[in-house]
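Here are my notes for a colleague who is meeting this structure for the first time. Please read them as numbered points, with the model open beside them.

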Amino acid sequence: MKITKLYPGSYYCNCYVVGEEGEPCFIIDPGCNNNGYLDRYIAKHHAGKVLGIFLTHGHWDHIGGLETLQHKATVFIHSDDLEYFWEPELSCSASFIRGGATIDSGLWDIYEMCDDDEISIGGVIIDVIHTPFHTGGSVCLYIKEENVIFTGDTLFKLSVGRSDLKGGCRRYMEQSLMKLKELPPETKVYPGHDRDTTIGNELMFNSYLK
């Protein structure tokens with residue numbers, strides 16, 4: 001399974017495009033899509049075919065690309081973060097765009113994910129792991145057959161996401177991280193920011209997983 005990490009704009013969010021060269025793909029966290037960067041990549045490498053767009057949570061640096069993305073597809077977001085589309089205070093969009101911004105959810109086919117959902121897309125099974133604390137609807141997307149997990153802002157290399165923003169709740173952190181600690185140590189971790197890691201590395205060196 002080909003996983004390409006992109007930085008489609010100025011938000012410094014890791015955007016992942018999953019799919020073989022020339023074949024349909026799915027997107028995880030479209031970033032900001034400055035100047036149509038993500039659209040051009042999809043047109044060039046995946047014949048413009050997008051099977052779905054997964055959002056690990058509702059903060060603007062992860063969802064803002066939907067505002068300009070021309071390649072439409074079903075958007076997968078946890079039900080608890082759907083309101084981030086139209087609530088700038090929750091999405092923190094004012095931190096990136098003067099006056100804040102919203103996403104018109106009416107332009108998209110929305111699938112509201114829940115904990116333990118199994119989503120089949122492009123021959124891949126994605127297990128949804130609800131990990132609230134960074135936001136109430138934060139999720140990690142686990143592909144067991146490939147030993148990979150996309151953790152958004154739940155888990156980073158040697159760190160975790162903050163819980164002090166509106167909509168966050170630190171009291172859920174421990175139980176959310178416990179779900180990840182149970183994964184096989186060889187599981188490759190693709191976070192929402194910074195470098196890749198593994199569950200095993202984080203169990204050894206990340207103080208939040210001790």
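1. R162 and D164 form a salt bridge whose closest N and O atoms are 2.7 Å apart, a salt bridge being a side-chain nitrogen of Lys or Arg within 4 Å of a carboxyl oxygen of Asp or Glu. R162 is partly exposed at a relative accessible area of 47%, whereas D164, at 57%, is exposed. Here buried means under 20% relative accessible area, exposed over 50%, and partly exposed in between, with a 1.4 Å probe and protein chains only.

2. Please keep in mind that this is a predicted model, in which local features need pLDDT of at least 70 and side-chain atom pairs count only at pLDDT 80 or more, while totals for chains, interfaces and linings use all residues. Residues are numbered from 1 along each chain as its sequence is written, and side-chain values use heavy atoms, with hydrogens and water left out.

3. Seven salt bridges are found when the whole structure is searched. One of them is between the side chains of D196 and K5, at 3.1 Å from N to O. This pair links distant parts of the chain, 191 residues apart, since D196 sits in the loop between β13 (188–191) and β14 while K5 belongs to strand β1 (residues 3–6). Helices (H or I, at least four residues) and strands (E, at least two) are DSSP runs, numbered from the N terminus. D196 is partly exposed at 24% relative accessible area, and K5 is partly exposed at 27%. Through salt bridges that share partners, K5, K188 and D196 are joined into one network.

4. A further salt bridge brings together the side chains of K179 and D115, at 3.5 Å from N to O. K179 lies in helix α4 (residues 173–181) and D115 in the loop between β6 (110–113) and β7, so this pair ties together parts that are 64 residues apart in sequence. K179 counts as partly exposed at 29% relative accessibility, and D115 is partly exposed at 32%.

5. Which residues touch the most other members of the largest nonpolar core? In this core of 25 residues they are I27, L38, I53, L55, L66 and F85, where a nonpolar core is a set of buried Ala, Val, Leu, Ile, Met, Phe, Trp, Tyr and Cys residues joined through side-chain atoms within 4.5 Å. Among the elements that give two or more residues to this core are β3 (25–28), α1 (37–46) and β4 (50–54), and α1 provides the largest share, three residues.

6. Leaving aside neighbours within four places in sequence, F85 is in contact (heavy atoms within 4.5 Å) with L55, I63, L66, V75, I77, T102, I103, S105 and I110.

7. Six strands, in the order β7-β8-β9-β10-β13-β14, form an open sheet with mixed pairing, and two strands pair if DSSP finds at least two bridges between them. The edge strands, each pairing on one side only, are β7 (118–121) and β14 (197–198). Strands β9 (residues 139–143) and β10 (residues 148–152) run antiparallel and are joined by three bridges, and L141 stands opposite F150 in β10.
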